[in-house]
Amino acid sequence: MDLSRRGFLQAAALTAAASGLTVACGGGSGSAGGKNGKNLTLWYWGGALSDKVVAEAKTHFSGQVKLTAASIGGDFKQKLTTTLAAGASVPDITGIKGEDMASFLPNANRFLDLNDLGFKKIASQYLDWKTKLARTEDGRQIGFPIDIGPTALFYRADLFDKAGLPTDPDKVAARAGTWEEYFALGTELGKKVPGTYLVNNISSVFNIAVGQGSARFIDQDNHFIGDQDHIRTAWDTAIRPYTLGIDAKINDNTWNAAIGKSLSTELGAAWHALDIEQAAPKTKGKWRVCATPGGPANQGGSYLALPKQCRNPEEAFKIISWILSPENDARGFTDAAIFPAAPAAYAMPAMTGGDPFFGGQKVIEVFGPAAKAIPASYEAPADAAVMAPFMTELSSIEAKGKKPADAWKDAVAQARQIARRQGVN
């Protein structure tokens, strides 16, 4: 499924920002402009930052530097990696997607330590678990948190009402507090409202179930643990809606059509609200949000970093600190559903109002507590590569009718093989 802001599944190219920002193809090199450069470049991708806030930053800092912002299309990670390796036309400020951060940490020497520029003084303003994910073992902070992706359960209140089920978010959360309770609710929905499904695909369940724990596929001693109980439990949880017949088995672009018709609920991060709204505008007012079954997880969320070639580190740090201040973080949520990594933003007017698409519900009352309760976990550089076979095999169950037991064996075998190639014990 290719959702518009689902960075970890995104393959489609993102076009240049529509805000009229100047688009540049490169920035400084290690020698260009020394360390007091008056021209700074910023690389990010569409939807990573509020274009309005970035445009205002250009004006706000115009007396000190000229900031040129570029919204980069295509494979952002690949372009950034290639540029850093070449050491030429490197941006002074760059975004790094959350799912890519672990792969950049082993090459932390390509970035400046933000602690040297003052991040330590303001780090307490941001969620600690998010900040730690961009910190090396020896304490170098290479990423400044942009946003996070606290998960929730989005549901169609009108379909719940039609089935004679509770529609109030607190009552729905109580009925779907665990995964089994959630699946039981889905079975009841399917019987009373025929033609509807609880989940879009079982990979989405697996992704969140893994994220609800503190351990993933590789431990901090670089050992493969993808065959252990915590992953098997997440796998078995994901299989349940398939065996119960409440899985829509959507693994392609038909999601856009299904979200407004046959899906009674949707699991996803805060930013996924914008996907639903854009795909199903006629369902405005019919959706509500409640806590994720089994507890919160994180999906997505990114960082800003300063490559070592940055021509004016002090001024660049001032710029990213301003762009990502709690006040501007709150504006980012209003502008583009970018959920702040700074908890102080959760109490600001930009985030505390009711959302018309969700029937006037104050969704921050769900996402705010979830953001603070997300478990800290270790994500190894090879984590995404090792996870991939599990996602592929889950899709094979849905698309090809592969037996879950066989799919599990194949997923573990393939993951272990990839782990070995990546230097994991």
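Reader: How far apart do the C-alpha centres of domain 1 and domain 2 lie?
Author: This is a predicted model, and its protein is divided into domain 1 (39-149 + 300-345) and domain 2 (156-297 + 361-422). Between the C-alpha centres of these two domains the distance is 29 Å.

Reader: How many residues does each domain give to the contact?
Author: Residues count as being in contact when heavy atoms lie within 4.5 Å. By that rule domain 2 contributes 17 residues and domain 1 contributes 15 residues.

Reader: What area do domain 1 and domain 2 bury between them?
Author: The size of an interface is often expressed as the accessible area lost when the parts come together. Here 71% of the buried area is on carbon and sulfur atoms. In domain 1, Trp-129, Gly-149 and Phe-339 lose the most area to domain 2, together 37% of what that side buries. The area buried between domain 1 and domain 2 is about 1300 Å².

Reader: How many salt bridges are there between domain 1 and domain 2?
Author: A search of the whole structure finds 13 salt bridges. Across the interface of domain 1 and domain 2, one residue pair is in polar contact, both residues having pLDDT 80 or more. For salt bridges between domain 1 and domain 2, the count is zero.

Reader: Which element gives the most residues to the side of domain 1 that touches domain 2?
Author: The elements giving two or more residues to this side are helix H3 (98-104) and helix H14 (326-336). With three residues, the one that gives the most is H3.

Reader: Which residue forms a salt bridge with Glu-56?
Author: Glu-56 is in helix H1 (residues 51-60), and its partner is in helix H14, 275 residues apart. Glu-56 counts as partly exposed because its relative accessibility is 37%, and a value between 20% and 50% falls in that class. The closest N and O atoms of the pair are 2.8 Å apart, and the partner is Arg-331.

Reader: Are Asp-92 and Arg-311 buried or exposed?
Author: The side chains of Asp-92 and Arg-311 meet in a salt bridge at 2.7 Å, N to O. Asp-92 lies in the loop between helix H2 (76-86) and strand E3 (93-97), and Arg-311 in the loop between strand E8 (302-305) and helix H13 (313-323), so the pair ties together parts 219 residues apart in sequence. A residue with under 20% relative accessible area is classed as buried. Both Asp-92 and Arg-311 are buried.

Terms used:
Residues are numbered from 1 along each chain as its sequence is written. This is a predicted model: local features need pLDDT of at least 70, side-chain atom pairs count only at pLDDT 80 or more; totals for chains, interfaces and linings use all residues. Side-chain values use heavy atoms; hydrogens and water are left out. Domain bounds come from an automatic or database domain assignment. Buried area is the accessible area (1.4 Å probe) that two parts lose on being put together, summed over both. A salt bridge is a side-chain nitrogen of Lys or Arg within 4 Å of a carboxyl oxygen of Asp or Glu. A polar contact is a pair of N or O atoms within 3.5 Å; within protein, one must be able to donate a hydrogen and the other to accept it, and residues adjacent in sequence count only if both atoms are side-chain atoms. Helices (H or I, at least four residues) and strands (E, at least two) are DSSP runs, numbered from the N terminus. Buried means under 20% relative accessible area, exposed over 50%, partly exposed in between (1.4 Å probe, protein chains only).
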